[in-house]
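Colleague: Could you take me through the surroundings of the ligand in this model, residue by residue where that helps? Please go on from there to the parts of the chain that lead away from the site.

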Amino acid sequence: MRIGILGGGQLAMMMVQQSEDTNFDFLILDPTESPPASKYATCIKAEYDDIGSLNYIADECDVVTIDFENVPADTLRFLEKRIVVAPSSSAVEICQDRLKEKELFINCGIPVTKYTSVYDNDSLKASIDYMGKNSILKTRFLGYDGKNQFDMEKVDGIDYLKECKSNQLILEKKVDFEKEISIIGVRMNTGKILFYPLVENIHKNGILNYSIAPYDDKKLQKLAEEYHKKISDKLNYVGVLVIEFFLDKNGILIANEMAPRVHNSGHWTNEGANINQFQAHIKAVANCELESISIKNHSAMVNILSKKPDLKNIKDFDYAYYDYNKSERHNRKLGHITLNNKNRDKLMQDLNTVYNFIKT
Ligand code: ADP
Ligand code: MG
């Protein structure tokens with residue numbers, strides 16, 4: 001079976017790598033020169049609205065999926081007329097827009113932080129008067145890794161609308177959170193959903209630095225799964241869908257955002273679970289059966305940002321290293337390391353040492 005992937009980043013790269021021993025074969029579309037996945041699968045270099053390339057993909061593939069959520073919805077709609085696209089254009093389109101995403105959370109009865117829609121300097125001023133400066137201004141579209149976000153307490157006197165190059169924004173009340181956690185679920189087109197255990201995520205400056213799994217809390221696990229099911233059922237979703245939450249000081253689970261794809265907070269599953277998120281996603285979009293998901297031990301994943309590490313420093317650790325074959329750039333995700341241990345305390349010790357060696 002041939003699977004088309006729109007976007008050839010590290011997520012596509014790992015979808016291909018993790019399918020090595022299967023009958024799946026891949027065709028990738030990406031407008032950039034030598035994206036990470038191009039080392040492992042045939043890659044067409046073209047824009048996402050290049051009709052010739054889209055028709056070629058529809059001719060050659062059995063199903064199409066994505067490696068990033070900002071593939072134009074029109075591209076997905078065009079392909080949907082000819083071929084199965086999973087997740088669907090309508091699901092992806094909601095995840096591209098923070099406002100639509102929040103409205104969906106609310107419609108599903110899932111708590112979100114207070115927010116207002118901002119579209120000019122007057123509405124920003126009115127929003128700050130209402131919400132206070134303890135808030136974050138974000139673009140509705142195209143934000144990632146904390147980009148296009150402004151902490152209203154930290155920066156003053158700049159023209160945010162100009163800075164964001166957008167007048168489609170939201171102002172969000174800052175959540176004084178205890179933890180950030182995510183739920184990774186994979187939904188088959190039969191409606192069956194399998195879940196990984198909750199993951200704890202530690203961000204610095206809006207970028208994921210490391211994750212620890214499982215975040216062991218049965219009540220929260222059940223609640224996060226219920227929330228995920230409400231959303232993924234409503235969207236008739238197929239594939240991996242990840243929801244990021246804040247856990248506030250009162251123990252309330254507040255939805256932050258969601259990703260219609262495999263996710264950085266699920267990279268630990270490569271070594272830590274019987275079936276990893278990449279295999280699970282590919283099987284779901286290819287309409288193959290998935291039995292059950294189980295984990296092997298405690299896992300941690302550390303992102304390698306900005307600069308490639310000197311691995312000699314951690315040679316005594318038992319780890320897996322993934323290199324995304326990208327050039328160094330400030331705050332760019334260049335790779336990751338996973339650690340596993342049966343003993344959580346030992347894992348935390350190792351994580352602390354490894355993180356301190358490779359952090360920049
Ligand atoms: P991105 O698409 O860049 O991941 P997020 O909304 O997830 O955007 O923001 C990135 C990080 O910034 C979050 O993981 C969190 O650490 C912090 N953050 C974002 N929004 C809020 C908020 N309303 N309150 C507190 N922290 C926030
Ligand atoms: Mg996020």
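**The ligand site and the chain around it**

Modeller: Ligand 1 is surrounded by 20 residues, the closest being Lys-138, Gly-146, Val-175, Glu-180 and Glu-257. Please keep in mind that this is a predicted model.

By class, the shell around ligand 1 contains nine charged, six polar and five nonpolar residues. Five strands each give at least two residues to this shell: β7 (135-139), β9 (169-173), β10 (177-187), β14 (239-248) and β15 (253-259). In terms of domains, at least three shell residues come from domain 2 (114-173), and at least three from domain 3 (177-358).

Some polar pairs can be given with distances. An oxygen atom of ligand 1 lies 3.1 Å from a polar side-chain atom of Arg-98. For Gln-149, an N or O atom of the side chain is 3.0 Å from an oxygen atom of ligand 1. With Val-175 the backbone takes part: one of its polar backbone atoms is 2.8 Å from a nitrogen atom of ligand 1. On its own, ligand 1 has 540 Å² of accessible area, and the protein covers 91% of that.

The domain assignment divides the protein into domain 1 (2-85), domain 2 (114-173) and domain 3 (177-358). Taken over C-alpha atoms, the centres of domain 1 and domain 2 are 34 Å apart.

Ala-259 lies in β15. Is Ala-259 buried or exposed? Its relative accessible area is 3%, which is under the 20% limit, so Ala-259 is buried. Apart from residues up to four places away in sequence, Ala-259 touches Tyr-237, Val-240, Leu-241 and Val-242. Ala-259 and Asp-62 are 197 residues apart along the chain, and their C-alpha atoms are separated by 23 Å.

Arg-261 sits in the loop between β15 and α9 (269-272). Arg-261 counts as buried because its relative accessibility is 14%, again under 20%. Its side chain makes a polar contact with the side chain of Glu-69, at 2.6 Å. Setting aside neighbours within four places in sequence, Arg-261 is in contact with Leu-11, Ile-66, Asp-67, Phe-68, Glu-69, Tyr-237, Val-240 and Val-242. Tyr-237, Val-240 and Val-242 are also among the residues that Ala-259 touches.

Asp-151 is found in strand β8, and it counts as buried because its relative accessible area is 15%. The side chain of Asp-151 reaches the backbone nitrogen of Glu-153 at 2.9 Å. Leaving out neighbours within four places in sequence, Asp-151 is in contact with Ser-135 and Lys-174.

Leu-161 belongs to helix α7 (residues 160-164). It has a relative accessibility of 15% and therefore counts as buried. Not counting residues up to four places away in sequence, Leu-161 touches Tyr-119, Asp-120, Asn-121, Ser-166, Asn-167 and Leu-169. Phe-68, one of the contacts of Arg-261, is 93 residues from Leu-161 in sequence and 25 Å from it in space, C-alpha to C-alpha.

Some backbone features remain. Most residues other than glycine have a negative phi, and most peptide bonds are trans, so departures from either pattern deserve a mention.

Asp-145, in the loop between β7 and β8 (149-151), has a positive phi of about 50° although it is not a glycine. Asn-287 also has a positive phi, of about 65°, without being a glycine. Asn-287 is placed in the loop between α10 (277-285) and β16 (298-305). With a relative accessible area of 51%, which is over 50%, Asn-287 is therefore exposed.

Two peptide bonds are cis. One joins Ala-86 and Pro-87, with omega at about 0°, and Pro-87 lies in the loop between β5 (84-85) and α4 (89-95). The other joins Ala-213 and Pro-214, with omega at about -5°. Pro-214 is in the loop between β13 (207-213) and α8 (218-234).

Definitions and conventions
Residues numbered from 1 in each chain as written. Chains lettered and ligands numbered in written order. Predicted model: local features only at pLDDT ≥ 70, side-chain atom pairs only at ≥ 80, totals over all residues. Heavy atoms only, no water. Near = heavy atom within 4 Å. Polar contact = N/O pair within 3.5 Å; in protein donor to acceptor, adjacent residues only side chain to side chain. Areas by Shrake-Rupley, 256 points an atom, 1.4 Å probe, with all protein chains shown as cover. Helix = DSSP H or I, 4+ residues; strand = E, 2+ residues; numbered from the N terminus. Nonpolar A, V, L, I, M, F, W, Y, C, P; charged D, E, K, R; others polar. Domains from an automatic or database assignment. Buried < 20%, exposed > 50% of the residue type's maximum accessible area, 1.4 Å probe, protein only. Contact = heavy atoms within 4.5 Å.
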